[in-house]
Amino acid sequence: MPGAKRKSPTPMRYGDAARTTLLHGMEQMTRLLRPTLGPVARTVAVASLLNGQPEVLDDGATIARRTIELTDPFDSIGAMIVRHLAWRVHEEIGDGATTAAVIATRLMAEGVRVVAAGATPVAVRRGIEQAVEVARAELEAQARPIDLPEEIAGIVLGTVRDEKIAEIIGEVVEGIGEDGAVMVENAAGFETSYQFQEGIHWSEGWHSPSFLRGTEATVRLIDPRILLTDMPIAKPEELVPILDACARASVQSLLVVAPEIDEAALSLLIVNRQRGVLESVAVKAPSHGDQRIGILQDLAIATGGRCFHSDLGESIATATVDDLGYARQAWARPASFGILGGQSSREAIRARIVEIRAELATVKDNDWLKKRLQERIGKLSGSAATIVVGAPSEAARDELRTRIEGAVTMARSALRDGVVPGGGAALMA
C-alpha cells in the first residue's frame with residue numbers, strides 16, 4: 001500500500017555466528033558474577049531497578065536477578081541463559097550460583113570450539129551428559145553428612161556473615177528437618193529471632209471477633225470436630241443439619257473452615273457458643289484458587305475428615321458427623337488459626353506429602369507457588385518455624401532476609417544430601 005511503513009526485518013543469526021554471539025553474552029554475564037566466587041567474595045555495584053541508586057552486592061544469584069538485559073539483543077539471549085541458571089541454582093540449592101555460571105560458560109566455550117572443528121552438536125551433548133553422571137557420582141561419594149546445629153551454622157555462616165543468625169538457622173533447620181516449613185518474615189525492630197510452631201498453623205483468622213468471651217484474646221476449642229469446605233456458606237439453613245447431628249452425637253465443639261460465611265449463619269454459631277450449646281468458631285479458608293482447595297484437602301487428610309468441594313456439586317447441608325475431621329485442640333485469632341493433634345494415620349500424611357512433592361517437581365518459574373507447596377509439605381509433616389528478620393533500615397532488612405532465605409535453602413539441601421568443598425573445589429578432587 002502506498003505510503004505504508006514497512007516493518008524492519010527481524011534480525012537473525014545462524015550456525016557459528018549464532019553460537020559465537022550466544023557465548024559472548026554468556027561470558028559477559030559470567031564476568032559480572034565471577035567476582036563473588038570464593039570464600040571471601042568481592043562486590044559488584046548494580047543500579048537499583050526502582051530508583052537508580054546503587055546496590056553493592058556480593059551474591060551472584062542476586063546480581064544476576066538485577067540484570068534484566070544487555071544492549072545487544074543477541075548477547076542478551078546468552079546472558080539471560082546464565083541469569084536463569086544462576087537463579088534456579090539459588091532457588092533449589094541456596095548457594096553455588098556463580099560456580100554454576102562459570103562452569104556452564106566454560107562448557108559452552110569448549111562446545112563452540114569443538115563444533116567449529118567439525119564435531120556434531122548432538123555428540124557434544126551426549127559427551128556432556130555422560131560426564132555429568134560421572135561428576136555426580138564422584139560428588140555423592142565425597143559428600144559428608146551433617147546433622148548437628150553447629151555444623152549447619154558453619155555451612156551458612158559465609159552466606160549470612162553473622163554468627164548469631166547462623167546459629168539461629170542451624171537450630172531451626174535441625175529442629176524441623178528437611179520436610180519442615182520455614183517462614184521468613186519482617187520484624188519491626190532490630191533483632192532477628194525465631195519460634196517453632198506445633199501442629200498446623202495458617203495465616204487466616206476468624207470470621208468475627210464475637211466468638212470471644214470476656215477478656216479472651218484467643219478462641220480455643222478442646223477435642224473439636226472440623227467442618228471443611230471451599231464454598232461460601234450463604235445461609236444458616238446449610239449449617240442446621242450438621243449442628244443438629246453434632247448435638248445428637250454429643251459433640252462439644254466445632255471448627256468451621258470456609259472462605260466466606262453469611263452474617264446470619266455466623267450469628268447462629270456465635271449464639272450457640274455464647275449460650276454454651278456448642279463451642280464453635282468459624283475461620284477463613286487459607287489462600288485462594290487451586291491452592292485453597294489443596295490446603296483444605298491437606299487439612300482433611302491431617303484430621304481424618306472430608307472437604308466439601310464446589311466443583312463436585314456438594315453441599316455441607318448433607319454433611320454427617322462422620323464427615324467431620326477431629327483434632328486434640330484448635331485455636332483462632334484475628335489473623336491466624338491452628339490445629340493440634342489431628343486424627344490421621346502417618347501413612348495417609350506421607351502419601352499426601354509424596355503427592356505434593358510430585359506437584360512441586362513440575363513447577364519451574366513460579367516462585368510463589370513453589371513456596372506455597374513447600375509450606376504445605378512442612379505443615380503436613382507437623383514441623384514449622386518462623387524466622388523474624390530485624391535490621392536498622394528497610395534496605396538492610398530486605399538484604400538480610402534474602403540472605404537468610406538462601407541460607408535456609410542451602411542448609412536444608414546440606415541436611416538432605418550432605419556437603420562437599422565449595423567454589424568448584426570438589427570437582428578438582
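Predicted model: local features only at pLDDT ≥ 70, side-chain atom pairs only at ≥ 80, totals over all residues.
Two strands count as paired if DSSP finds at least two bridges between them. Hold on to that one, please.

S11 and S12 make it, with two residues between them. S12 covers residues 336-342, and its pairing with S11 is antiparallel, over six bridges.

Let me step back to the whole chain. The secondary structure comes to 13 helices and 13 strands. There are 429 residues, and 43% of them count as buried. Along the principal axes, the C-alpha atoms fill a box of roughly 85 × 70 × 45 Å. The accessible surface is about 22,700 Å², with 54% of that belonging to carbon and sulfur atoms. On contacts, take the pairs at least 6 apart in sequence: 75% of these contacts join residues at least 24 apart.

Next, charge. The chain carries 47 positive and 57 negative side chains. The centres of the two sets lie 5 Å apart. Side chains of opposite charge can pair when their charged atoms come close. How many salt bridges does that give here? The count comes to 25.

I'll start with arginine 376 and aspartate 298. Their side chains meet in a salt bridge, at 2.7 Å from N to O. Why does this pair tie together parts that are 78 residues apart in sequence? Because arginine 376 sits in helix H12, residues 367-381, while aspartate 298 sits in helix H10, residues 289-303. Buried or exposed, these two? Both arginine 376 and aspartate 298 are buried.

Stay in H12 for the next one. Glutamate 375 forms a salt bridge with lysine 379, with the closest N and O atoms 3.8 Å apart. Both residues lie in helix H12, four residues apart, which is about one turn of the helix. Glutamate 375 has 14% relative accessibility, so glutamate 375 counts as buried. Lysine 379 has a relative accessible area of 4%, so lysine 379 is buried as well. Salt bridges can also share partners: Asp58, Arg161, Glu399 and Arg403 are joined that way into one network.

One more pair. The side chains of arginine 306 and glutamate 314 meet in a salt bridge, 2.8 Å from N to O.

To recap. Helix H12 holds arginine 376, whose partner aspartate 298 is in H10. H12 also holds glutamate 375 and lysine 379. That's my part. Over to you.

Methods: Residues numbered from 1 in each chain as written. Heavy atoms only, no water. Salt bridge = Lys/Arg side-chain N within 4 Å of Asp/Glu carboxyl O. Buried < 20%, exposed > 50% of the residue type's maximum accessible area, 1.4 Å probe, protein only. Contact = heavy atoms within 4.5 Å. Areas by Shrake-Rupley, 256 points an atom, 1.4 Å probe, with all protein chains shown as cover. Lys, Arg positive; Asp, Glu negative; His and termini not counted. Charge placed at Lys NZ, Arg CZ, Asp CG, Glu CD.
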